[in-house]
Amino acid sequence: MFSVDRKDFGPNFVFGAATAAYQIEGGQIDGRGTSIWDTFSATPGNVKNADSGLNACNHYHRWPEDLDLIRDAGFDGYRFSFAWPRLIPAGTGAVNQAGIDFYDRLIDGMLERGIKPFATLYHWDLPSPLQDKGGWMNRDIASAFGDYASLVAQKFGDRLSAIATINEPWCVAFLSHFLGIHAPGYRDVRAAARAMHHVLLAHGTGIDALRAEGAKNLGIVLNLEKSEPASDKPEDLAATNLGDAIFNRWYLGGLFKGQYPEELTSILAPYLPEGFERDMPIVSRPLDWLGINYYTRGLYRASPSTPIFPIAKAEGSLEANDLGWEIYPQGLTDLLVRVSTEYTKVPIYVTENGMSEDNDERRIAYYDAHLKAVVDAQKRGADVRGYFAWSLLDNYEWAEGYSSRFGIVHVDYATQKRTPKGSYRSFQGMLHNTR
């Protein structure tokens, strides 16, 4: 069980569980179009064991059971994502009514169970026809995303407690276009620079489209790390500053100051879209809240022989999860305080936090330590209003396939049987009879 109590977080604090469409839905039927993850996972070498999201957790058919799990745990909210290719198969144009009907059932099912729907418009499953036109490298993605946001607001907006535009723009842009680890799998600095800007331009365009339709409580979800130097050497301190600019400050600065970090724009100048500065008023549209996903720290050292960005990640000495991510609760406290001090006074939600691990006792300890880190951040002045565990279910963990288990509920992928873990029971114990 956890050592923290619900009342430690203050009144009206939202506890929830989080998932993403491609990772759990399956159900690639009923008019759903293909996404970049369908083709990326079908390409040899991209995903462990050549796993794909074809079936995933079959949430498309088993959603009532999954919503019951959320309700029975005592969670207030469910953070889920819409699948763009399920709603608009080509990314633009014709709408798939079967997709509308599915999310109608899902959202109504949440409301019937007293669960607040926290929706994300984009959690990485870009429709393939948009990728054919350049995807996030093409400026036109912003208007396509705006039209998609308008549709969601029209069909579902009055029933949603909160809407996030984009999940983890660093992953959408840098991990997927520079490091090549996620779909569409580019390793190209020009592709990355354009995606880094266009993903935030699309976000701002989406915010405008949502507001024009009367949608309320709008935000974005950033994945942030605590950037730290591997040593006190000046070159490692400089490497950490650049790493922090790439991972954190590009997105925080763009969104809340209308300005990207100069040490990064100076490097990326030959590759960024011409006149990107003129878009910054759209990028920095006012938000109602900010979501922060946190898992670990980034430990940096200088790497002079590395082109473009002369930095590298160093290996840390802290205990780690089974993906090698260090466990560092203090980093969450520090990040929440930093963001609320340096960037914005809007309410903050921890929209993802969790541990890939087969040993659930370690997962329970991880959650307990990070929940305490949230309370510590609140005591230091951070306006944190909610916490969402990643993830409700074991699921398709992107390039890791099904080898990585983040769920507080175990899924037997052969039978789709759900079995709550001790970590689920720990949340249930903390939240029991308090919804």
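Residues are numbered from 1 along each chain as its sequence is written, and side-chain values use heavy atoms, with hydrogens and water left out. Because the model is predicted, local features need pLDDT of at least 70 and side-chain atom pairs count only at pLDDT 80 or more, while totals for chains, interfaces and linings use all residues.

Start with the barrel. Eight strands close into it in the order β1-β2-β3-β4-β5-β7-β10-β11. The pairing is parallel. Strands here are DSSP runs of E with at least two residues, helices are runs of H or I with at least four, and both are numbered from the N terminus. Two strands pair if DSSP finds at least two bridges between them.

Strand β4 (residues 162-167) runs parallel to strand β5 (residues 218-223), with three bridges. N167 has V221 in β5 as its bridge partner.

A second sheet is open. Its three strands have the order β6-β8-β9, with mixed pairing. β6 and β9 are the edge strands, each pairing on one side only. The twist averages 40° from one strand to the next. Where is the parallel part? Strand β6 (residues 226-229) and strand β8 (residues 297-302) run parallel, joined by four bridges. P229 is partnered by Y300 in β8. The antiparallel part lies between β8 and strand β9 (residues 311-313), over three bridges. There, R301 has A312 in β9 as its bridge partner. A302 stands opposite I311 in β9.

Contact means heavy atoms within 4.5 Å.

α10 has a helix partner too. Two packed helices are described by the angle between their axes and the distance between the axes. Helix α10 (residues 234-257) packs with helix α13 (residues 329-342) at an angle of about 35°, and their axes are 11 Å apart. The crossing is right-handed, a term for the near helix being turned clockwise from the far one by less than a right angle, with anticlockwise making it left-handed. Which residues meet? From α10 come D244, N248, R249, L252 and K257, and from α13 come R338, V339 and E342. By class, this contact has two nonpolar, one polar and five charged residues. Ala, Val, Leu, Ile, Met, Phe, Trp, Tyr, Cys and Pro count as nonpolar, Asp, Glu, Lys and Arg as charged, and the others, Gly among them, as polar.

On a 1 Å grid over the protein atoms alone, a pocket is an open set of points with protein on both sides within 12 Å along at least five of seven lines, a cavity is a set where a 1.4 Å probe fits but cannot get out, and lining residues have an atom within 4 Å of a point. Points are joined across faces, edges and corners, and a volume is the space filled by probe spheres set on them.

The largest pocket has a volume of about 1300 Å³. It is lined by 47 residues, with W170, L175, F247, K313 and W325 nearest its centre. α8, α10, β8 and β9 each supply at least two lining residues. The lining divides into 26 nonpolar, twelve polar and nine charged residues.

The structure also holds four cavities of 30 Å³ or more. The largest share, three residues, comes from α8. By class, the lining has nine nonpolar, two polar and no charged residues.

Last, the backbone. Most residues other than glycine have a negative phi, and most peptide bonds are trans. The bond from A183 to P184 is cis, with omega near 10°. S391 sits in the loop between β11 (384-390) and β12 (409-412). N49 has a positive phi of about 60°, although it is not a glycine. The place of N49 is the loop between α2 and α3 (59-73).

How values were computed: Axes are lines fitted to C-alpha atoms, for helices over the stretch in contact, and angles run from 0 to 180 degrees between N-to-C directions.
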